[in-house]
Amino acid sequence: MAKLMPRRDVVIVGFGWTGAILAQELTEAGLDVLAIERGPWRDTATDFNIGYMPDELRYAIRRELFLQPSQEAITMRNDLTQTALPMRDYGSFLPGAGVGGAGVHWNGFSWRYLASDFILKTHLTQKYGAKKFDGLTIQDWGVTWDEIEHCFDKFEYVAGVSGKAGVIKGVVQPGGNPFEGSRSREYPNPPLKMPYSSSLFTKAATEYGLHPFPSPSANISRPYVNSLGVAMGECTYCGYCERFGCANYSKAAPQTTILPVLMKKDNFELRTESEVLTVNLHPDGKTAKSVTYVDTSGNEYEQPADLVIMAGYGLMNVRMMLLSRIGKPYDPNTNEGVVGRNYCYQTGGGGASMIFDDKRFNPFMGAGALSSSAHDFNSDMDHSKLDFVGGCSIGSGESNGRPIQGRPTPPGTPRWGSKWKDATAKTYGHVMSIGGSGSSYAQRGNYLDLDPTYTDNFGRPLLRITFDFPDNDIRMQNWVGEQCVKIAKTLNPKILTSGKARKGWNSVPYQTTHNTGGAIMGADPKTSAVNRYLQNWDVSNVFVMGACAFPQNSAMNPTGTVAALAYWAAEAITTRYIKNPGPLVQA
Amino acid sequence: MLDNRPLKMCRRRFLASVAALPALTGGAFAHTMPHSLPWSPFAGDPPKPINPLGWYFLTPSEVITVEAIVDRLIPADHLSPGGKDAGCAVFIDRQLAGSFGKSSHLYNKGPFLPGLPTQGYQGELTPSGRYRIGLKALEDHVRAANAGKSFAELTGEQQDAILSGLEEGKITLKLAPGFSTRQFFELLLQNTMEGFFADPLYGGNKDMASWKMIGFPGARYDYRDYVEKYNQPYPHGPVSIMSGAPGWNVKG
Ligand SMILES: Cc1cc2nc3c(=O)[nH]c(=O)nc-3n(C[C@H](O)[C@H](O)[C@H](O)COP(=O)(O)OP(=O)(O)OC[C@H]3O[C@@H](n4cnc5c(N)ncnc54)[C@H](O)[C@@H]3O)c2cc1C
Ligand code: SF4
């Protein structure tokens with residue numbers, strides 16, 4: 001029997017980026033908030049200790065800070081005809097665990113999606129006609145750039161994002177990204193120092209006619225006191241960034257930006273090492289009454305709350321909805337239902353890798369988001385003569401030179417023995433690459449549901465991913481890859497190699513932790529799981545955070561937009577919902 | 001002696017008890033106070049350097065085989081000592097004896113079905129089990145083909161030919177369902193390279209040999225003064241976690 005706990009105004013399931021943002025905003029509005037996190041408490045001084053953080057084996061290879069599959073695994077297959085099997089180890093993407101979630105060990109690329117991304121279907125239909133994206137289930141988001149611009153701004157000033165604005169109040173700024181949506185003001189901090197590779201890319205891309213700029217980074221460029229009054233330090237380019245916690249208070253994470261303020265509040269409580277199993281509904285199915293969670297000794301608790309915020313990372317939120325029977329599950333055969341719909345990823349592959357005799361890059365002087373980018377081939381480029389929609393943000397920079405993960409050698413080099421050693425010693429530090437992060441568009445048959453066979457420690461079905469890269473996205477990625485190769489050639493490398501994007505999403509090698517869709521937002525309850533405020537259409541006191549709300553994925557890392565949507569939802573809750581609980585949009 | 005005990009008991013989350021972190025009351029006009037975040041002294045979890053003596057998982061004959069293998073994967077030459085002297089066999093032994101060897105944080109529930117390449121390793125054997133079976137199958141194969149000689153007794157060229165045969169799928173060892181010869185080779189190669197390039201803390205990369213070989217400064221944490229010095233070598237040699245802050249982080 002579950003122990004019944006005293007009622008709270010709000011319970012937040014998961015305490016990573018979105019959980020921390022919602023907790024901060026809702027406690028500011030005077031609500032009594034409880035966050036439940038299944039991983040341990042973690043903080044900079046104790047857990048991201050400079051004395052032992054730079055340990056590649058422990059943190060990057062054995063991945064100590066991440067979710068371990070023994071706690072929650074996911075099954076995968078590439079299409080409906082295959083039998084999904086569990087990813088016995090995570091590889092292609094690496095979900096977070098513990099206080100701060102993946103916000104602890106992310107890279108820190110902090111993007112705003114393009115203004116056109118939010119109205120993608122309308123935009124593409126107007127520009128090219130709907131036939132252009134036949135076969136893709138592209139949708140509008142139900143929210144526009146102008147509506148959420150201030151939410152992006154809010155996140156950037158909490159996170160101390162370092163960058164150069166491209167367009168402020170409609171005016172293009174030299175040195176920034178001219179293709180970005182118009183923003184209300186400059187970034188809070190200037191760009192990071194530019195490494196050699198980024199400077200070569202900037203020069204080559206400019207000569208090629210592109211518009212390169214420093215990528216917006218949540219690895220921050222100077223000491224900064226954020227909008228909540230929390231002090232952050234200057235990034236030291238340590239090269240132990242993604243997969244690691246930052247020992248310098250320089251990478252925006254819930255710990256370095258929000259928790260020092262939040263944890264002091266009387267109306268906030270955090271319970272760690274407690275895993276939420278289900279959201280329990282009232283008999284009419286229209287509202288949630290409580291969540292059930294279990295502690296590490298196996299004791300069960302029922303926690304009643306008036307409002308439930310799902311903030312357990314997109315994939316986990318979708319699974320929690322399916323397990324809790326919130327929203328109608330998507331069926332790819334009939335194309336009906338909403339939970340699990342429009343699962344997308346980030347398209348990768350393609351791009352150019354260069355080896356130089358006469359250039360030395362010192363890749364170990366890196367930061368997670370240290371790079372320069374160009375958005376000339378992003379989703380809003382002119383597709384009229386191209387056989388695809390979507391695009392890619394391209395760039396070059398240094399995140400790390402950690403040798404277990406990366407030891408480039410020229411093509412044809414053996415992988416061991418004396419020749420391998422010689423080539424490794426000669427090549428290390430002489431390589432730069434130009435690569436891209438591609439959009440990923442939804443198509444029928446790519447979706448999330450519950451696995452029929454494999455279960456977790458509590459006997460509950462695992463989440464199942466059915467996904468492969470759509471042909472459109474492969475054509476897009478390879479076309480952009482060819483442009484990268486052309487730019488790379490102008491740098492006259494000794495050896496130039498290029499990759500190709502391929503069908504057959506492989507769950508083993510790391511790609512990105514940018515899983516999107518499955519509980520998408522929109523204007524129509526028949527094709528979206530949550531409304532424009534991330535409120536579930538059916539269960540009105542459940543709000544679902546995370547990239548699961550994206551109808552399709554854009555050509556950039558998701559968290560800037562995930563955070564903006566979290567602020568957008570929090571604003572709707574604090575200004576409208578608490579005054580008059582119930583659906584914010586009539587179905 | 002397959003090491004595939006039920007692993008549930010090892011999971012860290014069942015050892016800890018629920019840790020509730022009550023909000024600390026700060027009064028109506030609370031300032032930022034140094035103890036307002038949950039914090040306890042010495043709560044960090046520094047790594048424990050391995051004990052360099054003895055063997056924890058590998059048997060004496062397995063040690064001889066593994067040392068011979070790592071010395072061919074990473075041969076001694078003017079660039080660095082070989083895999084054996086760099087400590088790669090010790091590294092592998094300690095990894096197999098620990099959580100990695102037991103797969104204790106992986107998803108280990110059945111059914112175990114043959115998978116597609118995109119689905120990753122689907123065998124039932126843990127890494128330690130794979131080594132035990134793989135090393136025995138390798139020795140059986142070598143002895144049958146070389147008039148009773150063991151892998152370590154062959155010449156370097158012969159050893160290289162066998163390793164290439166495993167890598168390229170030209171030799172098929174008798175292993176187990178869901179565990180192919182190529183996968184065995186990949187495991188050996190992966191772990192050897194991990195040992196060679198990881199912090200010396202874990203038993204390999206003795207004297208930071210690999211880091212010196214490629215020019216990687218190891219555990220250094222501040223390059224602000226160097227990022228914009230284009231096309232110039234970094235002037236300082238490597239440091240390791242062990243050498244970086246002696247005194248406090250080797251406790252425990
Ligand atoms: C290596 C890496 C690099 C990345 N780099 C970038 C980048 O450069 N730019 C970018 O934009 N994004 C990046 N990301 C993605 C980014 O980290 C995520 O988008 C972001 O953290 C998502 O926030 P979230 O709140 O949705 O989930 P998270 O921050 O992951 O938080 C979810 C939390 O919920 C907890 N939880 C889950 N289920 C339960 C449950 N049932 N009960 C209790 N608690 C639960 C989890 O333990 C976790 O702490 C990266 C991710 C990784 C792993
Ligand atoms: S690179 Fe910068 S932000 Fe990243 S962990 Fe190191 S110091 Fe922190």
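Helices are taken here as DSSP runs of H or I that span at least four residues, numbered from the N terminus. In this predicted model, B:Ala144 is found in one such element, helix α5 of chain B. The relative accessibility of B:Ala144 is 70%, and the residue therefore counts as exposed, the threshold being over 50%. B:Ala144 and B:Ser210 are 66 residues apart along the chain, and their C-alpha atoms are separated by 36 Å.

The loop between α4 (99-102) and α5 (127-145) of chain B contains B:Pro114. With a relative accessibility of 79%, B:Pro114 is classed as exposed. In general, most peptide bonds are trans. B:Ser104 is a further residue of the loop between α4 and α5. Its relative accessible area is 13%, so B:Ser104 is buried, the limit being under 20%. A polar contact of 3.3 Å joins the side chain of B:Ser104 to the side chain of B:Ser99.

The domain assignment divides chain B into domain 1, made up of 45-105 + 122-214, and domain 2, covering 216-252. A distance of 29 Å lies between the C-alpha centres of domain 1 and domain 2 of chain B. The contact between these domains of chain B involves 11 residues of domain 1 and 12 residues of domain 2.

Positive phi values were computed for two asparagines, one in each chain. Most residues other than glycine have a negative phi. In chain B, B:Asn231 has a phi of about 60° and lies in the loop between α8 (209-214) and α9 (241-244). B:Asn231 counts as partly exposed because its relative accessibility is 34%. In chain A, A:Asn492 has a phi of about 50° and is found in the loop between α11 (471-489) and β22 (495-498). A:Asn492 has a relative accessibility of 62% and is classed as exposed.

Another loop of chain A, between β17 (371-374) and β18 (392-397), holds A:His383. The relative accessible area of A:His383 is 0%, and the residue is buried. Leaving aside residues up to four places away in sequence, A:His383 touches A:Tyr128, A:Lys132, A:Phe388, A:Val389 and A:Gly390.

Ligand 1 is surrounded by 37 residues, of which A:Thr18, A:Glu37, A:Gly98, A:Phe109 and A:Thr559 are the closest. By class, this shell comprises 16 nonpolar, 18 polar and 3 charged residues. Two elements of chain A, α1 (17-28) and β12 (274-281), each supply at least two residues of the shell around ligand 1. The most is given by β12(A), with 3 residues. Several polar atoms of chain A approach the ligand. An oxygen atom of ligand 1 lies 2.7 Å from a polar side-chain atom of A:Thr18. A backbone N or O atom of A:Val276 is placed 3.0 Å from a nitrogen atom of ligand 1. The side chain of A:Asn557 has an N or O atom at 3.4 Å from an oxygen atom of ligand 1. Ligand 1 taken alone exposes 990 Å², and 98% of that is buried by the protein.

The shell of ligand 2 consists of 13 residues, and the closest are A:Cys235, A:Cys238, A:Cys241, A:Cys246 and A:Asn248. The site is shared between chains, because residues from chains A and B surround ligand 2. By class, the residues around ligand 2 are 7 nonpolar, 5 polar and 1 charged.

Definitions and conventions:
Residues are numbered from 1 along each chain as its sequence is written. Chains are lettered from A and ligands numbered from 1 in the order in which they are written. This is a predicted model: local features need pLDDT of at least 70, side-chain atom pairs count only at pLDDT 80 or more; totals for chains, interfaces and linings use all residues. Side-chain values use heavy atoms; hydrogens and water are left out. A residue is near a molecule or strand if one of its heavy atoms lies within 4 Å of it. A polar contact is a pair of N or O atoms within 3.5 Å; within protein, one must be able to donate a hydrogen and the other to accept it, and residues adjacent in sequence count only if both atoms are side-chain atoms. Accessible areas come from the Shrake-Rupley method with a 1.4 Å probe; for residues, only the protein chains shown count as cover. Ala, Val, Leu, Ile, Met, Phe, Trp, Tyr, Cys and Pro count as nonpolar, Asp, Glu, Lys and Arg as charged, and the others, Gly among them, as polar. Buried means under 20% relative accessible area, exposed over 50%, partly exposed in between (1.4 Å probe, protein chains only). Domain bounds come from an automatic or database domain assignment. Contact means heavy atoms within 4.5 Å.
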